[in-house]
Amino acid sequence: MTDSTLDRVARATPPRVARRIRGLSDRAIAWIFVAPTIILLLAVNIFPLIWTIYLSFTNYRANRPNAEVEWVGLRNYQRILSDPEIWQTMQATAHFLFWTLFFQVLIGFALAWLINQKFRGNNLWTTIIVLPMMLSPAVVGNFWTFLYQPQIGIFNNIISFFSGADPTSFSMIGDVRLAPWSIVIVDTWMWTPFVMLICLAGLRSIPDSIYEAAECDRASKWRQFWTITVPMVLPFLMLAVLFRGIENFKMFDLVVQLTGGGPGSTTELTSINLKREAFEKWRTGYASAYAVILFVTVFGLASIYVKALNRVKNR
Amino acid sequence: MSGFVSGLLRLRRGPWEMVASILIGLGIVMLMQPFVLWAFTWSFIVTLTGTVMFLIVSHFPE
């Protein structure tokens with residue numbers, strides 16, 4: 001007679017342990033399995049969050065651990081929310097967030113629609129388009145600084161080829177008017193494939209029978225697109241917008257590598273500004289209040305999106 | 001409109017979630033708008049109120 005794995009495990013379990021497990025209820029065993037994850041989550045997520053909220057009400061500085069910590073109440077929040085420089089970084093973030101989402105959704109959906117048409121080399125093109133997403137943001141930031149070089153950069157030369165302007169006459173990352181657009185272009189280049197993949201999943205989930213029924217009813221391609229394709233891809237698109245929106249609100253590495261927040265502070269997004277407050281100026285309490293403000297904003301945004309997503313899904 | 005108001009009075013989830021969502025959206029617009037500093041100053045209170053309200057009212061009956 002052959003032994004099953006279960007039999008072998010049961011035989012290998014020491015009698016004392018086996019007796020103890022037999023005495024436990026299903027609920028207790030479930031808790032034993034879930035407890036490590038809960039403990040890890042509490043230690044890694046919940047405790048730092050509570051600690052950050054506490055620090056946001058103090059003048060604690062991480063570079064002076066022995067200094068006396070003073071309770072300052074809401075003073076950190078008052079200072080942040082009346083600081084024109086932080087207001088400026090919020091506007092830079094809003095510009096980045098709005099335009100990256102706009103271009104990524106537009107181009108991502110268009111690419112997904114094209115890839116979804118049956119043509120030769122379809123899979124090869126999908127792989128090529130997805131490549132930028134697989135690169136490290138630090139690497140992408142680094143090599144785009146070369147592409148943006150006025151003298152030798154390909155980007156400036158392409159613009160010059162189409163517009164006739166001298167390639168050395170403008171600098172994408174050195175000009176205060178162009179620098180915010182330079183980070184939008186790079187992020188769009190890198191993350192449009194992600195939106196495309198999600199949209200492609202949505203497009204491929206639409207059964208052909210719906211289009212066939214529409215054909216029978218003599219619906220035009222335009223009408224099929226607006227009444228079948230768009231509504232059925234919408235939940236996927238909203239999910240992509242949620243993911244990219246939250247990620248871009250926290251954007252750090254790519255922009256630091258590309259512009260370092262400059263020129264001046266035109267591309268200094270909130271996360272870069274927060275890092276400077278926390279680890280260059282070492283105002284830990286102040287930076288904690290700043291982090292709490294950003295957390296509440298992202299949490300609120302995510303709540304609305306999840307609600308909207310559920311509504312679209314239930315339609 | 002009267003359905004919305006009666007939903008609010010009878011503590012129903014839908015209308016209250018709508019109010020919370022509007023507060024969150026308004027708070028985020030106030031945080032990121034480039035026009036007036038006072039709106040930026042009050043944005044966090046509005047967002048926080050909306051978010052906490054959303055957490056509470058999402059437990060209301062349908």
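Modeller: In α1(B), the residues B:Phe4, B:Gly7 and B:Leu8 meet B:Gly14, B:Pro15 and B:Trp16 of α2(B), where contact requires C-beta atoms, placed from the backbone, within 7 Å. This is a predicted model, in which local features need pLDDT of at least 70 and side-chain atom pairs count only at pLDDT 80 or more, while totals for chains, interfaces and linings use all residues. Residues are numbered from 1 along each chain as its sequence is written, with chains lettered from A and ligands numbered from 1 in the order in which they are written.

The helices concerned span residues 2-9 and 13-32 of chain B; their axes lie 7 Å apart, at an angle of about 95 degrees. Axes are lines fitted to C-alpha atoms, for helices over the stretch in contact, and angles between N-to-C directions run from 0 to 180 degrees. α1(B) is therefore roughly perpendicular to α2(B), a label for angles of 65 to 115 degrees (under 35 is roughly parallel, over 145 roughly antiparallel, the rest oblique). By class, this contact has four nonpolar, two polar and no charged residues; Ala, Val, Leu, Ile, Met, Phe, Trp, Tyr, Cys and Pro count as nonpolar, Asp, Glu, Lys and Arg as charged, and the others, Gly among them, as polar.

Buried means 20 or more other C-beta atoms within 10 Å of the residue's own, exposed 12 or fewer, and partly exposed in between. After α1(B) comes B:Leu11, with a positive phi near 55 degrees.

Chain B as a whole has three helices and zero strands, helices being DSSP runs of H or I of at least four residues and strands runs of E of at least two, numbered from the N terminus. Buried residues make up 27% of its 62 residues.

Towards the partner chain, 18 residues of chain B are in contact with 18 residues of chain A. On the chain B side, α2 and α3 (37-57) are the elements giving two or more residues. α3(B) supplies the largest share, nine residues. That side comprises 10 nonpolar, seven polar and one charged residues.

Notes. Two residues are in contact if their C-beta atoms, placed from the backbone, lie within 7 Å.
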